Amino acid sequence: MPDLMVKNLHKRFGEVVAVDHISFTVRDGEFLTLLGPSGCGKTTTLFAIAGLDRPDDGLIRVGETTFFDSVTGDFVVPEQRNCGMVFQSYALWPHMTVYENLAFPLRLRKVPKEERSERIHEILRLVELEPYKDRYPHQLSGGQQQRVALGRALVYSPTLLLLDEPLSNLDAKLRERARSWLKRIQGQLGITTVYVTHDQTEALVLSDRIVVMREGRICQTGTPQSIYASPTEPFVADFIGTSNFFRGQIAGVGEGGAIVVNLEGADQGLKIKTGKSFAPGTHVTVSIRPEKVQVLDQSGGAAPPAGNCMKAKVLDRIYLGARYRYRLKVDHMIVRMETEIELPAKTVWILLPSDACAVFEADTT
Amino acid sequence: MLVKEGTQRLAAQNLLGIRKEHLIQYGVAGLTACLVLAPMLPVVYSSFLDRPLYDAGGIVSLDNYIRLFSDPAFHKVIGNSFAFATLTTLLSVVLGVVMAVLIGRTDLPGRSILGEIMLWPIYLSPLVVAFAWVIMYSPAGYVTLFVKHRLHFQPWNLYTIPGMAMVAAVALMPIAYLYCSSSAAVADPALEDAARSVGAGPLRILFSVTLPLMRPPILYSAVLIFTIALEALSIPLVLGGPVGIDFFASFLYNRWLGGTQPDYGLVGAAAVVLLLLVTVLVLLQNSLLRNAARFVTVRGKATRPHVFKLGWLRWILFVFICLYMLGAAVLPMAGLVMQAFTKFLTPLVPPWQFLTLENVTVIFSYPAYVRSITNSILIALIGGILTTLFVALIALVAHRSEFPFRRVLDFLAIYPRTMPGMIVGIGFFWALVMVKPLGTIRNTIWGLMIAFGVRYLPTAFGAISPMLTKIGTELDYAARTVGADWWTTCREILLKLLKPALYSSFVLLFIQLIKEYGSAVFLVAPGSEVMGLTMLQFWVQGETGPVAALSLLQVGITMVFVFIGRRAFKEKIYA
């Protein structure tokens, strides 16, 4: 199956820029997720790929076929793009049974009756809905409807699979099951997939690669691991997982090439290992994930003030089941920490590992 | 693999030539524009010409308007029309609101049945209502003579503007009732509870909370009724004719059909004046609807509004309503029946002494009269189906396509609301005269069908487009992505989901088309008679018996159709 290439895609609704010159490529068989908060332009991008929305500018190609090219004015109508799409509302046709819903795309392709039936049964087995083929959509549960929608999108062997928040209408437990099930089917079929969601967990679990979007622009593209471990923007660090953010100023370069940051709320400088370089005096934001914060000493006694060690006062804690989440006070800053350890004392020593911190130039705005 | 081949074929198939959907979209829009503008343009143009459109060398001037406005008869027409419309509006709205509150919000006995009966006049042609009232309440009417005989004086005169307004109010009251009762039924009980909690009694609540909340539907239906009364033809013709009181529509009618040579210019100018007035009113109505809609559409609440306890008063009011129904509807209908089956109808002799079937046999012994019945049924059936299908296409193009002029189309589809039936008729008369290739349908029922269809485009559009907007766009998107082009999506998905709306549009159109005659006045010719005009013809000749029989027949056809329609079209409606 061919690659999908999106280049310089731009779409405006009146004065509002929904998608602002974005580019990305989805490789053959890859599962790519467009992740971002609502209004970030992810659905508009997906609709542009499907041909349901005509972009103002840019290029969309699948292999050798040009779907859209603003330079030549080429625009392939949705029905000729051979994309399979699952909508947020599932969009099952209410006047057709499950079987008829799946048969419709094949009827349009004039597939002979026997092959049609064979193909539909094959797909219904795949989505585990064979016994329900004569039901109407409203007679099915949400999870079943979602699987019919996926079956309908797959039955005609589409070139691309496009999924628009297909799991957002399911309850938490079901969503988890549907997630692993979806991942399995996509792997089995090896179909190039673009998935749109605002749910970071979904994105991390399902994707080969994630494109994080915000206000029509791409913030970061990468594997789930790289996006989680080394976000390139505070927004990404905040949107995917949670992060502590501190404001500070670059003091200079310390030993071993680490930069030293003077934090606004703390008396002590922070040493951070990073590939980036900053001029001294630059205002920056430092982030660290709560689970990366380490407890050095639980007794609350005096400890070696080596490295990024800080004395913290425990403000409160929340029991999350597997872990605790603490709110700690270090000098004038609040630090969130997640750990399995139940802290007995009111005062502890914590460590902010210098390779677990990320530094970003602060927004001048 | 065959699926692959199918996909390739799908792509290849559509790459040939012009896209089918564009052909359909431009076709539908073009035809709509022609149909809506065809009657408009000639009317306006003829009003500025010094001679009929078909005579060469016409000179454009304001002459017709000057003549019209210096004609004292026209001054009277304006005065009469406004007096009639105002009085009609007042009577029907007051009646409608009282009935809506009593039936919707009180513990009146037999409310559900009364509410149903209240709406019946909607199915009746105003012409039939007018005939029925004349038979009973005109100076020579059955009830009038009966009362006069006892009291030795005549307590009322139907042939006056208040008399006519009373008849019109009976026919139009259901409109006010319909709008107000849907608002009364959904009134938020919390608002009334709030009033009660601060110590207001039931009457107080009624006047300071419930009624003010109904202001939008009251205003909206008032403007609607005023518009209808302004352009009404039947009541002015039947009741005003004998005593020479002229109104807009009867002025147009008489100036066109009365003289030896119709004064086309003057009629055109008067038509344009009426057109402008109605347009202003419809615009007013639209701006009111924007507010009214907010109140009317708050439906589907689980809580029922409180019922006002009337106590002993409920029986008195019940009797009052029954008397109203008896006087306004039952007696006139009974009059129609008596008139239809007797030679003479007079209170001096019991009706069974003159029993006869002659009136019915008269109708069926003249081919022209029989034809008017079959024509009306054909027009209502075929016209209803064709109009529904065409309007469905308009709605699809206007709401569910990328057609560049879809906004214009949306506007065009509801525009005929501003065109009184007479004017549609005059316009199509000119259009069919001037455009030579269309001449062949000029004197056929097809011409009438087109004119009627255009007149009721907005009715059908109003029945179809709300349902269409309730069908989620993702359903069409889904069809498009799996490989259906626009037209296939419309056919296989949207039209099938629209089925209930299409049925109700058809039923509505049938009811309207079978009683329509106003736009036929100028289009009718031997061979294309319709029931309404045949009745008028008998009426002018003083043949009240056959008129009554035909009226009953029309009412009967409508009732049977509504009954069948309700049974047959109870389609499964999908959520």
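A residue is called buried if 20 or more other C-beta atoms lie within 10 Å of its own, exposed if 12 or fewer do, and partly exposed in between, with C-beta atoms placed from the backbone. The model is predicted: local features need pLDDT of at least 70, side-chain atom pairs count only at pLDDT 80 or more, and totals for chains, interfaces and linings use all residues. Residues are numbered from 1 along each chain as its sequence is written, while chains are lettered from A and ligands numbered from 1 in the order in which they are written.

The C-alpha trace of chain A spans about 80 × 50 × 35 Å along its principal axes. Of its 365 residues, 41% count as buried. Two residues are in contact if their C-beta atoms, placed from the backbone, lie within 7 Å. Among contacts in chain A between residues at least 6 apart in sequence, 65% join residues at least 24 apart.

Two loop residues of chain A have a positive phi. Lys110(A) sits in the loop between α2 (98-108) and α3 (113-126). Its phi is near 55°, a positive value in a residue other than glycine. Lys110(A) has 13 C-beta neighbours inside 10 Å, so it counts as partly exposed. Glu128(A) belongs to the loop between α3 and α4 (142-154). Glu128(A) is not a glycine, yet its phi is positive, at about 60°. Glu128(A) counts as exposed because it has 12 C-beta neighbours inside 10 Å.

A strand residue of chain A comes next. Leu296(A) is part of strand β16 (residues 294-297). Its 15 C-beta neighbours inside 10 Å make Leu296(A) partly exposed. Leu296(A) and Val348(A) are 52 residues apart along the chain, and their C-alpha atoms are separated by 7.6 Å.

In chain B, helix α6 covers residues 126-137. The expected span of a helix is 1.5 Å times one less than its number of residues. For the twelve residues of α6(B) this gives 16 Å, and the end C-alpha atoms are 16 Å apart, which agrees. Twelve of the twelve residues of α6(B) are buried, so the helix is largely enclosed by the rest of the structure. Among them are Pro126(B), Phe131(B), Trp133(B) and Tyr137(B).

Phe131(B) lies in α6(B). Phe131(B) counts as buried because it has 27 C-beta neighbours inside 10 Å. Leaving out residues up to four places away in sequence, Phe131(B) touches Val238(B), Leu336(B), Val547(B), Ala548(B) and Ser551(B). Phe131(B) and Val547(B) are 416 residues apart along the chain, with their C-alpha atoms separated by 8.0 Å.

Angles under 35 degrees count as roughly parallel, over 145 as roughly antiparallel, 65 to 115 as roughly perpendicular and the rest as oblique. The axes of α6(B) and helix α15 (residues 313-340) of chain B come within 8 Å and cross at roughly 85°. The two helices are therefore roughly perpendicular to each other. On the α6(B) side, the contact is made by Phe131(B), Ala132(B), Trp133(B), Ile135(B) and Met136(B). On the α15(B) side, it is made by Leu331(B), Pro332(B), Met333(B), Gly335(B), Leu336(B) and Gln339(B). By class, the contact has nine nonpolar, two polar and no charged residues. Here Ala, Val, Leu, Ile, Met, Phe, Trp, Tyr, Cys and Pro count as nonpolar, Asp, Glu, Lys and Arg as charged, and the others, Gly among them, as polar.

Helix α24 (residues 499-515) of chain B packs against helix α21 (residues 457-470) of chain B at an angle of about 165°, with the axes 9 Å apart. α21(B) and α24(B) are therefore roughly antiparallel. Their contact divides into eight nonpolar, four polar and no charged residues. α24(B) also packs with helix α26 (residues 544-568) of chain B, at about 175° and with the axes 10 Å apart. These two helices are therefore roughly antiparallel as well. The contact of α24(B) with α26(B) has seven nonpolar, three polar and one charged residues.

Terms used: Helices (H or I, at least four residues) and strands (E, at least two) are DSSP runs, numbered from the N terminus. Axes are lines fitted to C-alpha atoms, for helices over the stretch in contact, and angles run from 0 to 180 degrees between N-to-C directions.
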